[in-house]
Amino acid sequence: MRISVDNVNQSARKTDEGVLEIVHHVMHQYRAMQFRVLRDGPHDITHMDSKVLGFFGRNPGATQSDLAQHSGRDKAQLARLIKGLRDRGLLDGEPDPSDRRNTRLTLTDAGQAVRRALQQQGKRLNATAVAGMSTAERDQLVALLQRVSQNLSNVGDEPAKK
């Protein structure tokens with residue numbers, strides 16, 4: 001099966017384009033492919049739905065406030081997403097015993113099944129992305145991207161260079 005990718009604002013890649021622009025392009029390709037699978041799949045899940053399911057899958061019993069703090073998203077937007085997932089039977093909530101104003105959210109069995117399907121699709125896309133690379137090349141790529149991430153994390157820690 002051939003998967004097409006949105007080619008908006010894409011031109012021939014140049015080595016002087018910059019690492020972050022190439023990373024952005026790769027993530028755009030990944031998200032376009034992932035979105036197509038989500039949109040065309042049996043689950044009728046949006047990208048943001050998948051992010052919310054992933055968060056509560058990794059953090060069972062977390063609250064909407066926890067998600068807002070983690071994601072930086074608007075609380076009202078998250079409330080709508082959570083309500084939609086609960087209405088479709090993918091998320092379940094229990095009042096927090098220590099503060100009944102908070103609801104502890106967990107994935108239902110159906111939510112777990114959707115999350116597993118999304119994870120499998122992510123693994124397939126990852127395998128496609130690194131096809132033809134040796135283990136050493138994949139390890140080197142991961143190490144280099146981790147270094148780029150660390151360099152960006154350190155930007156606020158050092159004085160600006162002129």
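Helices here are DSSP runs of H or I with at least four residues, strands are E runs of at least two, and both are numbered from the N terminus. You're looking at a predicted model, where local features need pLDDT of at least 70, side-chain atom pairs count only at pLDDT 80 or more, and totals for chains, interfaces and linings use all residues. Numbering runs from 1 along each chain as its sequence is written, and side-chain values use heavy atoms, leaving out hydrogens and water.

Start by selecting Leu-20, which sits in helix H1. Leu-20 counts as partly exposed because its relative accessibility is 49% (buried is under 20%, exposed over 50%, partly exposed in between, with a 1.4 Å probe and protein chains only).

Next, jump to Leu-91, in strand E1 (residues 91-96). Buried or exposed, at 3% relative accessibility? Leu-91 counts as buried. Now show its contacts (heavy atoms within 4.5 Å): leaving aside residues up to four places away in sequence, Leu-91 touches Val-52, Phe-56, Ile-82, Leu-85, Arg-86, Thr-106, Leu-107 and Thr-108.

Now for the largest nonpolar core, 20 residues in all. Such a core is a set of buried Ala, Val, Leu, Ile, Met, Phe, Trp, Tyr and Cys residues joined through side-chain atoms within 4.5 Å. Select Val-52, Leu-53, Phe-56, Leu-67, Ile-82 and Leu-91, the members touching the most others. Then colour H2 (47-58), H3 (64-71), H4 (75-87), E2 (99-107) and H5 (109-129), each supplying at least two core residues; H2 gives the most, with 5.
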